[in-house]
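The following note sets out numbered points on the model shown below. Please read each point alongside the structure.

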Amino acid sequence: MSKITTTEEADAFAKQNFKSSLNVTPVAMGEPQVVEGTDIKYWHILYQNPDQPDGQPKPLTGGPNNFVLDSGQIISIPVRPPEPDSKSFKELVLEQYRSDS
C-alpha cells in the first residue's frame, strides 16, 4: 500500500523529511512519474530559493538527483556519466524500494 498518492503529499513529505544544508526549499511538483514496468510512482525533488518565491524550482547543479517514492522514501541518485556497468534508474529504484519497504 502506498503512503504517498498525490503531488501535494509528496511535496509536504519532501519539505518535512529532506535535509539540506543549502538555503533552498525542496519542492515536489507536477504529475507523478511511474517507474517503467512497475506501479511505483515517484516525484523529482527540485529546489527553490526562498528569497525568490516567484522563481522556477530547479535541480541542484552538480548534486545528486533526489526523488520521493510513493512508499515514503527519499532516494538520491548520483549524477555521473554512464559507465558500462552502471545500473539503470529502474534498477536503482527497485534496489532501494525493496530494501526499505
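This is a predicted model: local features need pLDDT of at least 70, side-chain atom pairs count only at pLDDT 80 or more; totals for chains, interfaces and linings use all residues.

1. The chain has two helices and five strands. Along the sequence these elements follow the pattern α-β-β-β-β-β-α.

2. The radius of gyration is 14 Å; a compact globule of 101 residues would have a value near 13 Å, so the chain agrees with that expectation. Along the principal axes, the C-alpha atoms fill a box of roughly 40 × 35 × 20 Å.

3. Of the 101 residues, 32% are buried. The chain exposes about 6,800 Å², and carbon and sulfur atoms supply 50% of this area. Of the contacts between residues at least 6 apart in sequence, 43% join residues at least 24 apart.

4. Strands β4 (residues 65-69) and β5 run antiparallel and are joined by four bridges. Within this pairing, N66 of the chain has S76 in β5 as its bridge partner. Four residues lie between the two strands of the hairpin, in which G72 takes a positive phi near 90 degrees.

5. Which residues of β5 form the covered face, and which the uncovered one? In this strand (residues 74-77), I75 and I77 make up the covered face, whereas I74 and S76 make up the uncovered face. In a regular strand, side chains alternate between the two faces of the sheet.

How values were computed
Residues are numbered from 1 along each chain as its sequence is written. Side-chain values use heavy atoms; hydrogens and water are left out. Buried means under 20% relative accessible area, exposed over 50%, partly exposed in between (1.4 Å probe, protein chains only). Two strands pair if DSSP finds at least two bridges between them. The radius of gyration is taken over C-alpha atoms; the globule rule is 2.2 Å times the number of residues to the power 0.38. Contact means heavy atoms within 4.5 Å. Accessible areas come from the Shrake-Rupley method with a 1.4 Å probe; for residues, only the protein chains shown count as cover.
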